[in-house]
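Please keep the sequence and the model in view while reading.

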Amino acid sequence: MKRIVTLMLAAMLVLGSVAGASAADIKVKGQWDFAFQWLDNTNFRDGDDSATDAGEDDFDARQRFRTQIDIIASENLRGVVFFEIGETVWGRAGDNNRDGGALGADGLSVEVKRSYIDWTVPNTDLMVRMGIQGLALPGVVAGSPVLDDDVAALTLSYKFNDMVSATAFWARPFESNDTESNGHNSYDEMDLFGVLLPLSFDGVKVTPWAMYGSIGEDVSTAGSVSTQGAHGLRPIGAPSSGKLFGKDTTMWWAGSSFEVSMFSPLSFKLDAMYGNLEGDEIGTLDMDRSGWLVIGAVDYKMDMMTPGLFAWYASGDDDDRDNGSERMPYIQPDFGPTSFGFDKVGAPIGNDSNVSVSGTGLWGVGVQLANISFVENLKHTLRVVYMEGTNDKDMANVASFNVSGNGIYLTEKDSAWEVNLDHFYKIYENLDLIVEMGYIKVDLSDEWTNDQTSDAWKLGFNLKYSF
């Protein structure tokens, strides 16, 4: 009997060692975000006019949960899955109770934002990331005006030395796998190919980059690209139904980011880029679109605050619709120097991007006092920005002032002011309070007809618990 027990113990030890050798380390991180915000005239329409203010609530409360799980087999292999629940608006059920914010809860809003693996090619320094992942083009001043989102992609990264590295990727944002009525495969894919070359020197970082893409003519009919999503690629006034792109549509972008810190506490940042899309005509409208954008910032870091100045200029449409658009095309930007009129900076969830999602067709200049601190764990940022459109004034007869989901369309005769006063307080090591106060005033020229604007404002309280 003792011999049998000994053999069983030995077998268990062997099996345990095998299981231990193949086990993976699990790391979990994430955050809960809560937002309580008062808003008015975020579409720049008079809030007293229900016909022009449809769907706007003065107050809402919402929450979002995100968690990332890393499954680490070794330093050369790991898997990552990233889940999101929300945004859940308190009291709102949504379609089929998807939101789950109404009485009874039980929402159906769990989303897989990312799911990929990282691995190193054996005996090399080549890193491979494959799966649904976050992919962003460089944007050191205010994020990328072209692309920054989750997408199915294959990314290759290689570090040559401490100064030079390279990243190449292939991404597929859209593919519906539909077939046409004649049984032939439809051209329903969008593919993107890009390369980044980060260069790091003493006090200077430079990242030149380029991206090429192609769009199938059936992408729109497959329901992959909505009219709102196509706005960043097509001219104003393009058809809103049927095929959104021509048969042979290609696009490319090239640019570079610059960071100079050698003169600390003075620092400089700059992003410059150009984009071009060429496509067949649809009807009588030229579908070509090309343009450029430059944005720069200078900051001076002090003990109790960081004063700064930033400015950008982006090309705009001329009055000749027959030659397409002169605004830079974009796919899915995450861009913004402000916390109300744009995206990127500010609280994790809340109302923003009311002026623009990309900065195209605009120029602006702003001053800010960032990270003002007189009390431990409490910081403030004051920001004032002036903006004007760069689109020809005659485009007011063609375009709509409000471009749904993409901000507003301003001509060279239109302007806007924005003021932000934002506060950040660290309640605990893992709990932050963010209070945002924003105001935007839009001034339209007489070129617009029947477009009366009202000032927009917000007051938002955000709690963020990170773990």
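## The largest cavity

By class, the residues that line the largest cavity comprise eight nonpolar, seven polar and one charged. The model described here is predicted. The space in this largest cavity is about 110 Å³. Its lining is formed by 16 residues, and those closest to the centre of the cavity are Arg327, Ser356, Thr360, Asn406 and Ile408.

## The second largest cavity

The structure holds four cavities of 30 Å³ or more.

Residues of the second largest cavity's lining include the acidic Asp317, Asp318, Asp320 and Glu326. Arg321 also belongs to this lining, as do Pro235, Ile236, Leu285 and Met395. Gly324 and Ser325 complete the list.

## Salt bridges around aspartate 150

Across the whole structure, 19 salt bridges are found. In one of them, the side chain of aspartate 150 meets that of lysine 113, with an N to O distance of 2.8 Å. Aspartate 150 belongs to strand E7 (residues 148-159) and lysine 113 to strand E4 (residues 110-120), so this pair ties together parts that are 37 residues apart in sequence. Are these two residues buried or exposed? Both aspartate 150 and lysine 113 are buried.

Aspartate 150 also meets the side chain of arginine 114 in a salt bridge, at 2.7 Å from N to O. Because arginine 114 lies in strand E4 and aspartate 150 in strand E7, this pair ties together parts that are 36 residues apart in sequence. Arginine 114 has a relative accessibility of 26% and therefore counts as partly exposed, since the buried class requires a value under 20% and the exposed class one over 50%.

## Further salt bridges

A salt bridge also links the side chains of aspartate 162 and lysine 159, with 3.8 Å from N to O. Aspartate 162 has a relative accessible area of 69%, so this residue is exposed.

Terms used: Residues are numbered from 1 along each chain as its sequence is written. This is a predicted model: local features need pLDDT of at least 70, side-chain atom pairs count only at pLDDT 80 or more; totals for chains, interfaces and linings use all residues. Side-chain values use heavy atoms; hydrogens and water are left out. On a 1 Å grid over the protein atoms alone, a cavity is a set of points where a 1.4 Å probe fits but cannot get out, and a pocket is an open set with protein on both sides within 12 Å along at least five of seven lines; lining residues have an atom within 4 Å of a point. Grid points are joined across faces, edges and corners, and a volume is the space filled by probe spheres set on the points. A salt bridge is a side-chain nitrogen of Lys or Arg within 4 Å of a carboxyl oxygen of Asp or Glu. Helices (H or I, at least four residues) and strands (E, at least two) are DSSP runs, numbered from the N terminus. Buried means under 20% relative accessible area, exposed over 50%, partly exposed in between (1.4 Å probe, protein chains only).
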